[in-house]
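Trainee: Could you take me through one part of this model in detail? I would like a close look at a single residue and its surroundings.

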Amino acid sequence: MVQAKKIALYVVVVFVLYTIITSPARAADLVQIGFEGISSAAQAVGEFMTELVN
């Protein structure tokens, strides 16, 4: 099982590096979209907690 996790991790790392090398603009777009999603989720949680306290 540990061996399968290592192989999966290596495959993901190679895929990410390949994507960044072959299409850096697209990779940057994907990272930006990801961070915007995380930011939106954090903002929504903050608003929820604020309303919960009030």
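Mentor: Start with Ile21. Its relative accessibility is 68%, so Ile21 counts as exposed. The cut-off for that class is over 50%. Keep in mind that this is a predicted model.

Where does Ile21 lie? Ile21 is part of helix H1, which covers residues 2-22. Ile21 also belongs to a nonpolar surface patch.

Now turn to Val16. This residue lies in helix H1 too. Its relative accessibility is 41%, so Val16 counts as partly exposed. Partly exposed means between the buried limit of 20% and the exposed limit of 50%. Val16 also gives us a distance to Ala27. Along the chain, Val16 and Ala27 are 11 residues apart. Their C-alpha atoms are separated by 8.6 Å.

Step back to the whole protein. Its secondary structure consists of two helices and zero strands. The radius of gyration is 18 Å, well over the 10 Å that the globule rule gives for 54 residues, so the protein is more spread out than a compact globule. The C-alpha trace spans about 50 × 35 × 5 Å along its principal axes.

Finally, the surface. Of the 54 residues, 4% count as buried. The accessible surface comes to about 4,900 Å². Carbon and sulfur atoms hold 73% of that area.

Conventions
Residues numbered from 1 in each chain as written. Predicted model: local features only at pLDDT ≥ 70, side-chain atom pairs only at ≥ 80, totals over all residues. Heavy atoms only, no water. Patch = residues over 30% accessible without salt bridge, like charges linked within 9 Å, V, L, I, M, F, W, Y side chains within 5 Å. Areas by Shrake-Rupley, 256 points an atom, 1.4 Å probe, with all protein chains shown as cover. Salt bridge = Lys/Arg side-chain N within 4 Å of Asp/Glu carboxyl O. Helix = DSSP H or I, 4+ residues; strand = E, 2+ residues; numbered from the N terminus. Buried < 20%, exposed > 50% of the residue type's maximum accessible area, 1.4 Å probe, protein only. Rg over C-alpha atoms; globule rule 2.2 N^0.38 Å.
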